[in-house]
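Please read it alongside the coordinates.

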Amino acid sequence: MHTLVQVIIDGVILGGFYALMAQGLSLIFGIMRVINLSHGEFLVLGAYLAWMAHQYLGLDVLVALPLLIVLGFGFGWIVSRLLIIPVLDRHELMPLLVTFGLASVIAGSLTLGFSTTPKVTQAAYSESVISLLDYRVAVSKAVMLGAALLLLGLLTLFLNRTKQGKAMKATAQNRGAARIVGISVTRVYCAAFGLGTAVAFAAGGLFSVTQGFYPFMGGLFTLKAFVIVVLGGGGRVSGTLAAAMFVGLIESGLSGYVPNIGTSLGTAAAFILVVVVLALRPEGISRLGGVRA
């Protein structure tokens, strides 16, 4: 029973991070219908920026988080305007090729700038552990979970309660109708890509405090985020959260009960889930159990 409860705790924490990690990809896909193959590299870039903010400015990751979000939004807007928008109306594979090339450029640049030696962003609570009834949770992971859920909540409010958020949802539903009522689709697309990138930067910054990161781990993040987006139905914050928790609990369970190979087995299990979901329920799992966007 003790192991089961610890597995559930670890799974929820992992799921919270996965939800924030995947939401940026889900948002871009849901609005622009673009699969951003550089999403994982954006996350790693955010991790390095958080590390630099602490290393050179002495900023805790929570203090640096607003800066990461602003930088991520600006970076995403520029990338979208210069690289993505010009190829949207061309062959459907063009955005994939562009984002794949961008991923390679980012990973290579980070390697040149920082080498392949793993880095960890330090914080005052990096070594602290919360103990409750013999269950242990690293404070850095608890902070990551709390910040991730808060950001997801704020993103949900933005999409549902603001004029800009509603414009994004309207454009996702019908691009032609959005143009007719005066919505600038290009501006909405740039804002959506910028927002998705900002979420990735924030996720990377939070992750950087919990464990080591290096330039070429972005591909794994992209693959896991894609798995969660498929399971969650694409575009829904609630669906992404449900799918991420599902994947996090599976990975945590396998890691807890299958020593040494648990994490790798968890990744393989996630891909098997995608195949099953696509075969039996193509719209994803976001509507199971009454979950709604």
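Is S38 buried or exposed? S38 counts as buried because its relative accessibility is 0%, where buried means under 20% relative accessible area, exposed over 50% and partly exposed in between, with a 1.4 Å probe and protein chains only. The model is predicted: local features need pLDDT of at least 70, side-chain atom pairs count only at pLDDT 80 or more, and totals for chains, interfaces and linings use all residues. Residues are numbered from 1 along each chain as its sequence is written, and side-chain values use heavy atoms, with hydrogens and water left out.

**Surroundings of S38**
- S38 sits in the loop between helix 1 (2-32) and helix 2; helices (H or I, at least four residues) and strands (E, at least two) are DSSP runs, numbered from the N terminus.
- Apart from neighbours within four places in sequence, S38 contacts T99, L102 and A103, contact being heavy atoms within 4.5 Å.
- T99, L102 and A103 are also among the buried residues of helix 4.

- Helix 4 (residues 94-114) has 21 residues and extends 30 Å from first to last C-alpha, close to the 30 Å expected at 1.5 Å a residue; the expected span is 1.5 Å times one less than the number of residues.
- Its buried residues are P95, T99, L102, A103, I106, A107, L110 and F114.
- These residues lie on the same side of helix 4, because they cover an arc of only 130° around the axis; the arc is that of the directions from the helix axis to the C-beta atoms.
- An α-helix has 3.6 residues a turn, so residues three or four places apart point the same way.
- Helix 2 (39-57) and helix 3 (61-84) are included in what covers the buried residues of helix 4.
- On the face turned away from the buried side, helix 4 carries the exposed residues L97, F100, V105 and L112.

**Helix 2**
- The 19 residues of helix 2 should span 27 Å at 1.5 Å a residue, and the end C-alpha atoms are 26 Å apart, which agrees.
- G58 follows helix 2 and has a positive phi, near 70°.

- Most residues other than glycine have a negative phi.
- R33, in the loop between helix 1 and helix 2, has a positive phi near 60°, and it counts as exposed at 55% relative accessibility.

**Helix 5 against helix 6**
- The axes of helix 5 (residues 139-161) and helix 6 (residues 163-173) come within 5 Å and cross at roughly 75°; axes are lines fitted to C-alpha atoms, for helices over the stretch in contact, and angles run from 0 to 180 degrees between N-to-C directions.
- Helix 5 is therefore roughly perpendicular to helix 6, the class for angles of 65 to 115 degrees.
- F158, L159, N160 and R161 of helix 5 meet K163, Q164, G165, K166, M168 and K169 of helix 6.
- The residues of this contact comprise three nonpolar, three polar and four charged; Ala, Val, Leu, Ile, Met, Phe, Trp, Tyr, Cys and Pro count as nonpolar, Asp, Glu, Lys and Arg as charged, and the others, Gly among them, as polar.

**V129**
- V129 belongs to strand 1 (residues 129-132) and counts as partly exposed at 40% relative accessibility.
- Not counting residues up to four places away in sequence, V129 touches R136, V137, A138 and V139.

Notes
Angles under 35 degrees count as roughly parallel, over 145 as roughly antiparallel, 65 to 115 as roughly perpendicular and the rest as oblique.
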